[in-house]
Every structure is written in structure tokens, then in C-alpha cells.
Amino acid sequence: MHLCPTTRIPRGLPQTIGLARAVFAIAAISTSARAVIALTAPSTWARAVFAIAALFTLLQVDPVLAQAGTETGWINTDRTQALVLGIILTGAILLYVVLASAGRPLFIRKIAGLETVEEAVGRATEMGKPILYVPGLNDMDEVQTIASMNLLGHLATIIAGYDSRLHVPVRKSLVMSVARETVQQSYLSAGRPDAYQEDDIHYVSDAQFAYAAAVDGIIVREKPAACFYLGGFYAESLILAETGNSIGAIQIAGTARPPQLPFFVAACDYTLIGEELFAASAYLSKEPRMLGSLKGQDAGKGIAIVFILAGSALATLETVTGSESVRAFSEIVLWLFR
Amino acid sequence: MRRRIPLIITFVIGLVLITGYFVTRAPFNTLYESFSDYFAIITVFAFILGGGSLLKIHLKRVSSRATDWHYSVVTLVAFLVTLVIGLFKVGNPAGMGGEILAAGSWLRFMFDGVYNPLSATMFSLLAFFVASASYRAFRARTKEATILLSAALIILLGRTPVGAWMTAWMPESLAFLELPNLANWIMAWPNTAGQRAIMIGIALGVIATSLRIILGIERNYLGRGE
């Protein structure tokens with residue numbers, strides 16, 4: 001065998017590895033193509049399972065392909081777990097989107113806070129008072145704010161139908177621009193473009209407590225009948241919610257920041273906890289593909305539960321039996337969540 | 001077309017940024033930083049819109065003598081004075097080349113003497129709001145509220161010297177029932193389990209929302225008109 005004098009690697013080995021990588025690359029491309037075909041074809045469980053399995057293989061769960069990826073240095077191996085879990089969850093969500101598109105009926109549990117939206121708007125109309133919508137403190141680069149804007153679109157459509165006034169004070173200029181565009185389009189689609197008031201969606205201040213003070217002032221002076229706090233909130237969450245509570249407004253809040261959830265639960269009538277904020281737009285739209293993605297989220301939770309139970313069982317078994325094979329399985333589950 | 005082009009841009013950028021998270025080679029690995037820079041630049045220009053909206057609304061309120069118009073005068077004066085002092089670095093010892101919040105500058109004075117105390121005042125309101133919200137939440141009217149009240153009392157006492165003093169007499173075999181230990185147990189187990197469950201739900205919600213936006217299923221942020 002001829003060895004390279006500097007690296008001591010057999011001559012021709014890099015070329016062989018390169019050829020192997022090319023073969024794996026072609027296999028990966030063909031697998032991905034099959035996966036896409038399987039996902040877009042009329043839905044059956046077998047095809048869906050195949051699609052997820054194929055995607056799983058493509059994204060380096062296959063140890064050989066994973067090794068090839070590591071050697072070429074293209075894939076950040078520190079993030080392989082995130083990639084694998086992302087693929088599993090994405091596959092589950094896409095699967096349900098396809099199933100819902102094909103007309104399969106899906107059961108979605110009722111979310112009390114969202115069932116009350118129309119009632120809150122109706123109450124405001126009867127009382128002749130405005131509706132306050134606070135989209136949180138974050139800018140448009142935060143997914144909570146995007147979810148909040150989606151929800152604002154639905155709410156604005158309902159409000160346009162009831163002929164109520166919507167007041168949206170914002171902390172970020174970019175959020176103001178997006179909110180104005182969203183609300184205007186909602187009023188337009190509701191057939192009430194004349195009712196849209198641009199100045200009701202306005203910038204207040206970038207400073208956290210200046211914004212909180214301004215919104216508190218609006219609540220106290222205008223006494224809105226309904227207050228919506230939906231988006232990313234920080235220490236000002238309780239200041240806003242308690243002020244709204246003091247004027248007797250019906251309050252619906254939602255955030256994906258767990259430290260602020262207890263404050264909203266204590267001070268508001270309804271709270272969308274974490275994932276419910278992201279589900280709200282799909283829930284209100286009743287559009288099959290959107291509802292399918294919600295069902296996919298639930299499937300993701302099912303997968304998480306399976307992994308948690310499997311991990312707990314394997315860890316217990318490993319402690320009790322000391323078996324090496326159980327330990328190996330346990331390591332795989334641990335690796336996924338490391 | 002007005003909706004299709006933004007959808008295509010969202011799809012391509014979303015896909016490229018996801019790829020950038022997992023790929024180590026240029027240009028993918030630097031894309032996130034580049035897009036963050038673009039976002040910061042757009043935000044700076046958007047601030048002109050925000051400032052313009054603030055001026056327009058409050059000038060209108062003052063000129064039409066709307067209800068509580070005098071608050072708008074305060075807002076306008078505070079905004080314009082701060083803007084001029086900040087832009088021209090009034091009183092800055094190093095002139096226009098100095099740091100924006102240099103010691104001795106007028107802006108620093110306003111920051112320390114006006115902005116910080118006002119922010120602290122708003123923040124301190126939390127103490128009173130926590131008390132009133134807790135009073136409502138902890139009224140033992142239902143089974144759940146009673147559990148909440150019990151857990152809150154244990155944590156409250158367990159985190160203070162009084163709690164340790166109250167249960168210090170317990171024998172070694174019952175040390176786990178001492179209030180500080182009970183408080184630690186509640187925080188480490190039931191509380192962590194609940195928080196993690198919420199976090200898992202949030203992570204799934206973020207993935208689902210991102211997918212809906214990238215694939216163009218969710219279009220509400222573009223307006224609902226077809």
C-alpha cells in the first residue's frame with residue numbers, strides 16, 4: 001500500500017471517500033424527491049410514513065451520511081439534533097396539512113379565549129366604547145409579533161363588521177406599518193374601507209415604561225370595553241392588565257413568554273398560554289390547511305410525549321438492569337435532546 | 001401579483017435562513033447576521049414613520065383642542081426638546097464628536113434626571129399591582145385556587161427567614177417537610193415540569209407558525225384581500 005509521506009494516508013483513499021460521498025449525495029437527492037412526491041400525492045398513511053422516513057434519512061440520521069457530512073464540514077454537527085427534531089416535527093405538521101387539504105375532518109379542541117373574541121367585540125359595540133389592541137413590545141423580527149399581527153387581521157375583520165372603533169398603540173415603527181396595512185386590508189375585505197382610521201394605529205414610544213405609561217393613560221381616559229394583549233410582553237404586562245382590570249374591561253391576553261403568563265392569568269379574563277397564541281390565527285380562520293397545521297402541532301406534542309416516556313423508561317431500565325443495550329438506546333434518546 | 005411577490009420573497013428567504021442555520025460554509029453561515037443588519041437599517045428608516053405619526057397625531061389633537069389636548073402639548077415638547085438635544089449633542093463636553101450620553105451633556109442630565117426616575121416610578125407600580133392581582137388570584141374559591149394559594153404560601157414563607165425559623169424544630173427524619181425544602185421541591189419539580197411543558201408547546205407553535213408563513217398558508221400579515 002502506498003502511503004502519502006506527510007499525512008500517512010493511503011494514496012487513493014480520499015478519491016474513494018469522495019466517490020462514496022457522491023453516491024450518498026445522489027441517494028439523498030433521489031430520497032428527497034420521493035419524499036416530496038409522497039407528500040404531494042393523494043394522502044395515505046403509508047405514503048406519509050414513507051415521506052417522513054425518507055426525509056429523516058436525507059437529513060443525516062443515516063450514520064454513514066452523517067459521517068460524510070462531518071468530513072466535508074458542510075453541516076454544523078452541533079446542530080444535528082435540532083435538524084433531526086425539526087424534520088420530524090415539520091414532517092408531522094406537513095402531513096396534517098396535506099390530510100386537511102384532502103378533506104379529512106379534524107377535531108380541534110375549543111380555546112375559550114378565542115371563542116369569546118366575538119362576544120367581547122359585540123359588548124364594546126353595545127357600550128359604544130373602543131377596543132384596545134396591544135401587540136406587545138417586540139419588533140417584527142419576533143415570531144410572537146407576527147402571530148399577533150395575524151390575529152389582529154382576524155379581529156379587525158370582526159370589528160369592521162360590528163362598526164366598532166379599534167385602537168392600536170404600538171412600540172415599534174415597523175409594527176405600526178404592518179398593523180396599519182393588515183387592518184386596512186381587513187376593513188377592505190369586510191366591505192368597510194370607509195371605517196378604517198389610520199391614526200387609530202399609532203406609534204407611542206420605544207421606551208418600555210414610557211409605552212406602558214402611555215397605554216395606561218389610554219386605558220384610563222378612553223375606558224375601552226375590551227382589551228387585547230397579544231404578543232411579547234415583559235415587566236409591563238401586569239401594569240397594563242391591572243389597569244385594564246380596574247376599569248372593568250373584558251380582557252384577553254396571550255404571550256409566549258412564560259414568566260409573564262401568571263400575571264395575565266391573574267389579571268385577565270382569558271389567557272392564551274404559549275402555543276395558543278400561535279394557534280389563534282389558524283383557529284379563527286377555520287381554513288382547512290391552517291387547521292391541519294394545528295393538528296400537526298398536536299402530533300408534535302404526541303411525539304414529544306413518546307420521547308419523554310421512552311427516555312424515562314429507558315433510564316429506569318438502565319439503572320435497574322445495567323444492560324449495555326438499554327444504555328445504547330438511552331444514549332440515542334439523550335443525544336436527541338442534548 | 002401584489003401578494004405573490006411577497007410570498008415568494010418570504011419562501012426563499014425563509015428557506016435560505018433555515019439552511020444557513022445548519023450549514024457551516026460561506027455564504028450560508030453569515031446570512032443570519034447579514035439579514036439582521038438589513039433589518040436594523042430598515043428599522044432606523046421606519047423610525048421616521050413612527051416619529052412622523054407621533055407628531056401628526058398630537059399636533060392634530062392640539063390644533064383641534066381635543067379632550068385632554070394639554071397632554072399632547074407635554075408629549076410634543078418632550079419629544080422635540082429631547083430630539084434637538086440628542087441630535088445636536090447640546091452641552092456635550094466633547095462637542096459633536098463626543099459620546100451621545102457623555103457625562104456633563106444635557107442628554108445625560110435628562111436621562112439621569114428625568115427618564116430614569118420616571119421609568120423607575122412606573123416599574124415600582126408593579127409592587128402594588130402584584131398585591132392586588134395576588135389578592136384576586138389567591139382567593140380560595142375553587143379547588144385550583146386553593147392549591148395555588150397553598151403553593152404560593154409555601155414558596156413565600158420558604159424563601160424568607162421566617163419560614164426557616166417556623167419549621168426549624170422538625171426532627172432530622174422530617175427535614176424534607178421544612179418550608180425552605182418544600183419551597184425548593186415545588187420550584188424544582190412541579191414548577192419546572194409545568195414550565196417545560198409550556199416551552200415545548202411554544203417551540204411547536206413557533207415551528208408551525210414559521211412553516212405556515214414560509215409555505216404561504218398563513219397570509220394574514222399581508223392583509224386579507226385577495
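**Notes on a predicted two-chain model**

1. Start in the middle of things. The largest nonpolar core has 99 residues, and the members touching the most others are Ala179(A), Ala226(A), Phe228(A) and Tyr229(A). A nonpolar core here is a set of buried Ala, Val, Leu, Ile, Met, Phe, Trp, Tyr and Cys residues joined through C-beta atoms within 7 Å. Buried is a count: 20 or more other C-beta atoms within 10 Å of a residue's own, with 12 or fewer called exposed, anything in between partly exposed, and the C-beta atoms placed from the backbone. Helix H4 (residues 80-101) of chain A gives this core its largest share, 11 residues. Domain 1 (13-101) and domain 2 (112-284) of chain A each supply at least three residues to this core; those bounds come from an automatic or database domain assignment.

2. Before going on, some housekeeping. This is a predicted model, so local features need pLDDT of at least 70 and side-chain atom pairs count only at pLDDT 80 or more, while totals for chains, interfaces and linings use all residues. Residues are numbered from 1 along each chain as its sequence is written, and chains are lettered from A and ligands numbered from 1 in the order in which they are written.

3. Now chain A as a whole. Its secondary structure comes to 14 helices and six strands; helices (H or I, at least four residues) and strands (E, at least two) are DSSP runs, numbered from the N terminus. Of the 338 residues in chain A, 47% are buried. Take the contacts in chain A with a separation of 6 or more: 68% of them join residues 24 or more positions apart. Two residues are in contact if their C-beta atoms, placed from the backbone, lie within 7 Å.

4. Which residues does Tyr229(A) touch, leaving aside its neighbours within four places in sequence? They are Val134(A), Leu240(A), Ala241(A), Ala253(A) and Phe264(A).

5. Helix H10 (residues 237-246) of chain A is largely enclosed by the rest of the structure, because nine of its 10 residues are buried. Just after H10(A) comes Gly248(A), with a positive phi of about 80°.

6. Next, look at where the chains meet. Chain A puts 63 residues into the contact and chain B puts in 51. On the side of chain A that touches chain B, helix H8 (residues 173-189) of chain A makes the largest contribution, 12 residues. By class, that side of chain A has 32 nonpolar, 21 polar and 10 charged residues. For these classes, Ala, Val, Leu, Ile, Met, Phe, Trp, Tyr, Cys and Pro count as nonpolar, Asp, Glu, Lys and Arg as charged, and the others, Gly among them, as polar.

7. Over in chain B, find helix H3 (residues 69-88) and helix H4 (residues 106-137): their axes come within 8 Å and cross at roughly 135°. Axes are lines fitted to C-alpha atoms, for helices over the stretch in contact, and angles run from 0 to 180 degrees between N-to-C directions. H3(B) and H4(B) are therefore oblique to each other: under 35 degrees would count as roughly parallel, over 145 as roughly antiparallel, 65 to 115 as roughly perpendicular, and the rest as oblique. Thr82(B), Ile85(B) and Gly86(B) of H3(B) meet Trp106(B), Leu107(B) and Met110(B) of H4(B). The residues of this contact split into four nonpolar, two polar and no charged.

8. Two loop residues in chain B deserve a look. Asp68(B) has a positive phi of about 60° although it is not a glycine, and sits in the loop between helix H2 (31-63) and H3 of chain B. Lys89(B), also not a glycine, has a positive phi of about 50° and belongs to the loop between H3 and H4 of chain B. Buried or exposed, then, is Lys89(B)? With 20 C-beta neighbours inside 10 Å, Lys89(B) counts as buried, whereas Asp68(B) has 10 other C-beta atoms within 10 Å and is exposed.

9. Last, one pair to find on screen. Glu119(A), in helix H6 (residues 117-127) of chain A, counts as exposed with 11 C-beta neighbours inside 10 Å. Glu119(A) and Ala226(A) are 107 residues apart in sequence, yet their C-alpha atoms are 9.7 Å apart in space.
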